[in-house]
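Biologist: I'd like a close look at one part of this model, the place where the two chains meet. Could you walk me through that part, and then point out a few local details elsewhere?

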Amino acid sequence: MFENFDYTGLNATLENVLGSVAQLMPELLLATFILLLILIDLIFKNTPKSIFSIISLLGLAGVLFFTHRQGNQLTEATALFGQMLQLDRLGVILKYLFGISGILTVFLSWSKEEKDWHEKGEYFALVFGLLLGAFLMVMTTNLLMIFLSIELVSISSYILANFTQKRKSAEAGIKYLVFGATASAVMLYGLSFWYGFSGTLDFTSFQFINGLQSAPQLPVLVASFMVFAGLLFKITAVPFHFWTPDVYEGAPTPIVALFSVVPKIAGLGLLIRLLGISFQQNILWSESIIWRDVLGVLAILTMVVGNFSALWQKNAKRMMAYSSIGHSGLFLAGILAFSAFGIQSLLFYAFVYMLMNFAAFYLIEMVEDKTGKVMINDYQGLGLRIPFLGALFVLVMIALTGLPPTAGFTAKLLIFSALTESYQEVQSPILLYLIITGLISTVVSLFYYLKIPYVMFFKGNAEDSLKMKLNVGNKVLALLLVTSLLLLFLKSNWLTNLIDHINYF
Amino acid sequence: MIPLEHFLILGAILFSIGIAVIVSRKNAIVVLMGIELILNAANINLVAFSQYDPNMLQGQLFAIFVIVLAAAESAVGLAIILRVYHYFKTTSLDRVSELKG
């Protein structure tokens, strides 16, 4: 019965799989810790949250270590599992970012009141699940893996958005679920057509590119729109941003900080890969001007909608939601520069964005944790009562706007230089519009970002302000995040050295 | 053999019904059903296209993964709907709208 079976082929496949497993240490460690955390929660009831936090931190430190080793051993892009995944510089750099975000999330969750938390082990396991999804998302070169990794991120997110026992949290969860599930279902329908046109699931192969090029244009366009819709949903670009403010307002703050960084940057990483700048200078995407125009218009809309809507927000978390939409527009602009410099600036920006967002959400969470207030008007006089907190708010908001002396300025400067350089090269008007919109929206963002420090220092007085005290842990972590923003401005070469090593093979 | 177009048309019909359900129905459970319809439309496409794949199996394998994921997603979805029902005493998406700004 098995006479005609090709055992050499089977052997080769087995060797490929085993060899690939050995190279996937960070991902394996994440998967192990998901199981470990759930098991500990099952076996030892009433384990305090700090134990879970410490285990998670250990796990994430291990993940970062193995990511580092993965990066050191990497000499050229390697295909794993028969072209399911691809290990290269871009992936490794983004994995650093996700690992650090995970650690920051654990720290942010540290101070949360115990009473809000019934399923502590699951909480951290789900954070690890989200990270695993993001890790796979930036490595994938296969349509099946795109869908699986996006769903892993999404399903973890739906549950995490629900995590506190509050009415708002439940509403945020169901809104995220309905929008997210629809977006990924539509994306899957688009992916099925991509597969149909090309007959292969490997989107880096010549067969795939050839297949899409020789297929009739209109269906390819529609299918590609569907696929990009799924990705733009993750990036929270207009017109797929409606869920963002509601989810950010309702979900627990540490999770919001995680949502605003990891799925978004993972989506961008995948978009970079799909648009094929980072990979083999793909022919199809980078030269089809129409995608630059379509995505360019979306990026402009994203910046405009995000920044102008933020002006009217009264809730600090909602304001940050719109601000993160605005930042997405600039991220997209960085991709649309279609150059190595553009990608490097984008990565620099991504790292700085992670630090800024975690810092901002941490400050918001400190106030929320101790007083339960998230409205900007409640911050009256807080800067006079606790000047330390006020000063940190000022610095973080300046960084988010993109002004010196913070790394936010360097990041924006790099993105705009990349855009200008590309504009001089290709003279595409959309790039000029992107630069203009980016500059205008930076000015607009000044008004809403500085509203918080303004209210803190110039409205109300110290006696009537919220009564809260910061403990040492709060101060150290907040100071650390803000100092890193200042340091990266003065010593931006620390980060650029890491990113410069990206060669696109 | 049934020509490919028939499968694609069936898939497109399912997709359209799914989108129509999601857009027009207010009940969260029915919306989840609409999402399921879209996933199945994609499955039909994948299996149909898989006939023309030189490796034959990729599309069908993809479809199996999608079926498993759809089950996971509806499990999570129904759990979330239960929680919403616990707080709001309704599953109508129109009436679950307290977050505004």
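Predicted model: local features only at pLDDT ≥ 70, side-chain atom pairs only at ≥ 80, totals over all residues.

Modeller: Let's start on the surface of chain B. There, B:M56, B:L57, B:L61, B:I64, B:F65 and B:V68 form a nonpolar patch, with about 550 Å² of accessible area together.

Now for the contact itself. The size of an interface is often given as the accessible area lost when the parts come together. Here chain A and chain B bury about 3,800 Å² between them, and 72% of that is on carbon and sulfur atoms. On the chain A side, A:R167, A:Y189 and A:Y195 lose the most area to chain B, together 19% of what that side buries. If you'd rather count residues, the contact takes 45 from chain A and 42 from chain B.

What about the polar side of things? Between chain A and chain B there are 5 residue pairs in polar contact, counting pairs with both residues at pLDDT 80 or more. The count of salt bridges between the two chains is 0.

Let's stay with chain A and see which pieces of it touch chain B. The elements that give two or more residues to that side are α6 (143-161), α7 (167-198) and α10 (243-250) of chain A. Helix α7(A) gives the most, with 23 residues. Sort the residues of this chain A side by kind, and you get 22 nonpolar, 14 polar and 9 charged.

Salt bridges do turn up in the structure, though: over all chains it holds 8 of them. Side chains of opposite charge can pair when their charged atoms come close. For one of these, look at A:K95 and A:E27, whose side chains meet at 2.9 Å, N to O. A:K95 lies in helix α4 (residues 89-110) of chain A and A:E27 in helix α2 (residues 25-43) of chain A, so this pair ties together parts that are 68 residues apart in sequence.

Last stop, the backbone. Most residues other than glycine have a negative phi, and most peptide bonds are trans. Against that background, a cis peptide bond joins A:V238 and A:P239, with omega at about 0°. You'll find A:P239 in the loop between α9 (217-235) and α10 of chain A. Another cis peptide bond joins A:P404 and A:P405, with omega at about 5°, and A:P405 is in the loop between α17 (387-401) and α18 (407-426) of chain A.

As for phi, A:Q427 has a positive value of about 55° although it is not a glycine; look for A:Q427 in the loop between α18 and α19 (429-449) of chain A. Over in chain B, B:K89 also has a positive phi of about 55°, and it is not a glycine either. B:K89 takes us back to where we began, as it sits in the segment after α3 of chain B.

How values were computed. Residues numbered from 1 in each chain as written. Chains lettered and ligands numbered in written order. Heavy atoms only, no water. Patch = residues over 30% accessible without salt bridge, like charges linked within 9 Å, V, L, I, M, F, W, Y side chains within 5 Å. Areas by Shrake-Rupley, 256 points an atom, 1.4 Å probe, with all protein chains shown as cover. Salt bridge = Lys/Arg side-chain N within 4 Å of Asp/Glu carboxyl O. Contact = heavy atoms within 4.5 Å. Buried area = accessible area lost by both parts, 1.4 Å probe. Polar contact = N/O pair within 3.5 Å; in protein donor to acceptor, adjacent residues only side chain to side chain. Helix = DSSP H or I, 4+ residues; strand = E, 2+ residues; numbered from the N terminus. Nonpolar A, V, L, I, M, F, W, Y, C, P; charged D, E, K, R; others polar.
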